[in-house]
Amino acid sequence: MDVDNGNKRLYNRLGGAPSVDKSQQVCYHWRAGRCNRHPCLYRHSELPQAAGNGMALKRSQMIPSDDGNFSGSQSFSRRKPNSTNPRGDIQLSSKWGRGQGGAVGGGPGGGGFRAPQKRLDKICNYWLVGKCSYGDNCKFQHQWFVSECFTMLTQLAGHEKVISGIAFPMGSDKLYSGSKDNSVRVWDCQTGQCSAVINLGAEIGCMISEGPWVFVGIPNFVKAWNTQTNTELSLDGFSGQVYSLTVGNEMLLAGTQDGSILVWRFTAATNGFEPAASLKGHTSAVVSLVVGANRLYSGSMDNTIRVWELETLQCIQTLTEHTSVVMSVLCWDLFLLSCSLDHTIKVWVATESGKLEVTYTHQEEQGVLSLCGMHDAQGKPVLICSCNDNTVRVYDLPSFNERGKIFAKEEIRAIQIGPGGLFFTGDGTGELKVWKWSEQ
């Protein structure tokens, strides 16, 4: 009995849908990566995009005549008065998050340009283990990054757990990385080889460098090495894990698990550090610290940012606009930037009264783990931020137009800049990657 075909013919005679050329339809199973029909009646490629279909993305809109500066020394300083700005007020807040038409990375947009097939914004799990059978036809990414603005130079393998800190001390040809595998690895920048492994016997919560010094936070201690004199110090008095470190005004400041910030003052006579103060106020762990314009900014798991005067070591303001853990704080030019697990990056600016207020909020689809600022090969400021979907976004400032994306096997918790357009990322599997901005 020709029941099915008879029904189809009757349906068409009654004005049903016209027949469709299956060769012009994209195979649903191919899109899902599981089509096993050979040959298949449907297309195994995406339909071509028509020109002018809105594929062009946004190009950066930079601040004219203002150089972005990630050094905390210029943060929140007021502009000099001039004929168009007689009071020296802040004039940049309207620029945040505003871009112009164009393509990411300076690529073509419009003008009859046909966009190539776009892969999904996710790395292929089969490619990671060398077993993807789709090759160039895979709809997922088969590379560690997507950008024309920077490239990956090398990968340094050795750590067995998440990398929690990266340091590049001044005047040294060595790169230092700390991990929750209880070790600090020292890498030779000329050969890319690991030249030393220092086992500290405890998880490393953070690592920074200042001048020739390398500081490492571990439970109940901060370890310090002077890479020029080979001096080694051990600073105690902490309670629990040390999660964050920064240096300012001849002081070392450390954020701890119990919410306090311990302050150590450098003494030139002994080339050492003496306890100076313990700052109280946060009710949970202090996971991020930064110094700018003679102020200390602390981000905490209590969802707040506290602002401290470095001269008096007194808290002068508490910022409560984030609704989850404040993972990272960063000073850039006149602004403070902060990120949180609440999926936002907030930009703060000082008002006439000197208090900080949010001037722009950038929304991400995932929680944001870390912020790092640097300049590209042309000297333009960029923001590097890692998210808890195992990616790193690279944005122009102040437009927040995307310049590229980095993929990882697990979350990237450590980002550090180096000389000559270099920057470094360390992920949850212990992989340390070296990146460099392209000259063009």
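**Notes on strands, loops, salt bridges and a cavity**

1. Let me start with Leu313, which counts as buried at 13% relative accessibility. Here buried means under 20% relative accessible area, exposed means over 50%, and partly exposed covers what lies in between, with a 1.4 Å probe and protein chains only. Please keep in mind that this is a predicted model, in which local features need pLDDT of at least 70 and side-chain atom pairs count only at pLDDT 80 or more, while totals for chains, interfaces and linings use all residues. Residues are numbered from 1 along each chain as its sequence is written, and side-chain values use heavy atoms, leaving out hydrogens and water.

2. Leu313 also deserves a look at its backbone: its phi is positive, about 60°, although it is not a glycine. Leu313 sits in the loop between strand E19 (305-309) and strand E20 (314-319). Strands, at least two residues long, and helices (H or I, at least four) are DSSP runs numbered from the N terminus. Ala293 is another non-glycine residue with a positive phi, about 50°, and its loop runs between strand E17 (286-292) and strand E18 (295-300). Ala293 is partly exposed, with a relative accessible area of 32%. As background, most residues other than glycine have a negative phi, and most peptide bonds are trans.

3. Strand E9 (residues 206-210) pairs with strand E10 (residues 213-218) in the antiparallel sense over 5 bridges; two strands count as paired if DSSP finds at least two bridges between them. Ile208 stands opposite Phe215 in E10. The hairpin has 2 residues between its strands, and Gly211 in the turn has a positive phi of about 60°.

4. Strand E28 (residues 402-407) is largely enclosed by the rest of the structure, because 5 of its 6 residues are buried. The hairpin has 5 residues between the strands, and one of its residues, Phe400, takes a positive phi near 60°. The loop between E27 and E28 also holds Pro398, and the peptide bond from Leu397 to Pro398 is cis, with omega near 5°.

5. On to charges. A search of the whole structure finds 9 salt bridges, each defined as a side-chain nitrogen of Lys or Arg within 4 Å of a carboxyl oxygen of Asp or Glu. One of them joins Arg403 and Asp396, whose closest N and O atoms are 2.6 Å apart; both residues are buried. Another joins the side chains of Asp173 and Lys174 (3.0 Å, N to O), and Asp173 is partly exposed at 35% relative accessible area. There is also a network of salt bridges linking Glu364, Asp389 and Arg393.

6. Glu431 and Lys409 form a salt bridge too, with the closest N and O atoms 3.2 Å apart. This pair links distant parts of the chain, 22 residues apart: Glu431 is in the loop between E30 and E31, and Lys409 in the loop between E28 and strand E29 (412-417). Glu431 counts as buried at 12% relative accessibility, whereas Lys409 is partly exposed at 36%.

7. Where is the largest cavity lined? Its lining includes Ile406, Phe407, Glu431 and Trp435. A cavity is a set of points on a 1 Å grid over the protein atoms alone where a 1.4 Å probe fits but cannot get out, and lining residues have an atom within 4 Å of a point. E28, strand E30 (422-427) and strand E31 (432-437) each supply at least two lining residues, and E30 gives the most, with 3. By class, the lining has 5 nonpolar, 2 polar and 3 charged residues. Ala, Val, Leu, Ile, Met, Phe, Trp, Tyr, Cys and Pro count as nonpolar, Asp, Glu, Lys and Arg as charged, and the others, Gly among them, as polar.

8. Last, the cysteines. The structure holds 0 disulfides, a disulfide being a pair of cysteine sulfur atoms within 2.5 Å. Cys372 is buried at 9% relative accessible area, whereas Cys189 is partly exposed at 37%.

How values were computed:
On a 1 Å grid over the protein atoms alone, a cavity is a set of points where a 1.4 Å probe fits but cannot get out, and a pocket is an open set with protein on both sides within 12 Å along at least five of seven lines; lining residues have an atom within 4 Å of a point.
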